[in-house]
Amino acid sequence: HFTKRLGGGYIPMHQHSCYELVYYQSGAGKTRIAELDYQYDPQAFSIIRPGTWHDERHAEDTDVLFIGFHIHNSSFQLSEGMFVDAPDGKINNLLQSMHFEFQNKKAHYHVQLDLLLSTLIIELKRIQHLSEWAGKDDKLIYVRNYINEHFNQKLHIDMLASMADYSYDRFRHLFKETYGVSPGEYILSRR
């Protein structure tokens, strides 16, 4: 489903019997998932597990694309939390394709939706794998969060490397290995 949430709006605590993926295409705000608070910006998305209480507070008008789904293969269960789409918008593109299929309902659309959902789940697992691996280096997470909060300011890679206590080259290498893009590319994608 696609919708626009107005700035200043609030969706009170609720839960679902399925997974929910909420993709923030624009806007800014906060969401609470279980006991944790997260901020969202464009290209961020949340994954909420079945039965988890969550809400949303919209600081700005926000375009949201969200879906509910079930995962029957226990080895593909997803962790919940807030994540950031790749610079190429892979998750957004999959959601847009699913939305198109659901709206147009061409022949065999339900089979295509199942295929797209399977692809989406694999991509989500890959993103979560990177996030879990990145979680082993809190300094990189700190710098990524700093970039997310200050991307509209002039950021220098050598300053970010210093914040993480790495050399310039080591920082660039670790950042790209962890997040799949260089620090400069990440900053540009956030802008």
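Which residues does Asn92 touch, not counting residues up to four places away in sequence? Tyr23, Gln25, Leu65 and Asp85. A touch, or contact, means heavy atoms within 4.5 Å.

This is a predicted model, in which local features need pLDDT of at least 70 and side-chain atom pairs count only at pLDDT 80 or more, while totals for chains, interfaces and linings use all residues. Residues are numbered from 1 along each chain as its sequence is written, and side-chain values use heavy atoms, with hydrogens and water left out.

**View 1. Asn92 in helix H1.**
Asn92 is found in helix H1. Helices (H or I, at least four residues) and strands (E, at least two) are DSSP runs, numbered from the N terminus. Asn92 is buried, with a relative accessible area of 18%. Buried means under 20% relative accessible area, exposed means over 50%, and partly exposed lies in between (1.4 Å probe, protein chains only). Ser17 is 75 residues from Asn92 along the chain, and the two C-alpha atoms are separated by 23 Å.

**View 2. The largest nonpolar core.**
This core has 22 residues. Those with the most contacts inside it are Leu21, Phe45, Phe69, Leu95, Leu120 and Leu124. A nonpolar core is a set of buried Ala, Val, Leu, Ile, Met, Phe, Trp, Tyr and Cys residues joined through side-chain atoms within 4.5 Å. The elements that give two or more residues to this core are strands E3 (19-24), E6 (44-48) and E8 (62-69), with helices H1 (90-104) and H2 (109-134). H2 gives the most, with seven residues.

**View 3. Phe69 and its contacts.**
Neighbours within four places in sequence are left aside here. Phe69 is then in contact with Cys18, Tyr19, Leu21, Leu78, Leu117, Ile121 and Leu124. A second, separate core has 15 residues, including Leu155, Ala164, Leu174 and Tyr179.

**View 4. The second largest pocket.**
Its volume is about 250 Å³. On a 1 Å grid over the protein atoms alone, a pocket is an open set of points with protein on both sides within 12 Å along at least five of seven lines, whereas a cavity is a set of points where a 1.4 Å probe fits but cannot get out. Lining residues have an atom within 4 Å of a point. Grid points are joined across faces, edges and corners, and the volume is the space filled by probe spheres set on the points. Of the 15 residues that line this pocket, the closest to its centre are Ile67, Gly68, Met98, Phe102 and Leu113. E8, H1 and H2 are the elements that give two or more residues to the lining. By class, the lining has nine nonpolar, five polar and one charged residues. Here Ala, Val, Leu, Ile, Met, Phe, Trp, Tyr, Cys and Pro count as nonpolar, Asp, Glu, Lys and Arg as charged, and the others, Gly among them, as polar.

**View 5. The buried side of helix H6.**
H6 spans residues 183-190. Its buried residues are Pro183, Tyr186, Ile187 and Arg190. They cover an arc of only 100 degrees around the axis, which puts them on the same side of H6. The arc is that of the directions from the helix axis to the C-beta atoms. What covers these residues includes strand E9 (81-84), helix H3 (138-150), helix H4 (157-163) and helix H5 (168-179).

**View 6. Two loop residues with positive phi.**
Lys105 sits in the loop between H1 and H2. Its phi is near 50 degrees, a positive value in a residue other than glycine. Lys105 is partly exposed, at 43% relative accessible area. Asp165 lies in the loop between H4 and H5. Asp165 has a positive phi of about 65 degrees, although it is not a glycine. At 62% relative accessibility, Asp165 counts as exposed.

**View 7. Arg49 in its loop.**
Arg49 is found between E6 and strand E7 (54-58). Arg49 is partly exposed, with a relative accessible area of 32%. Not counting residues up to four places away in sequence, Arg49 touches Cys18, Tyr19, Gln77, Leu78 and Glu80.
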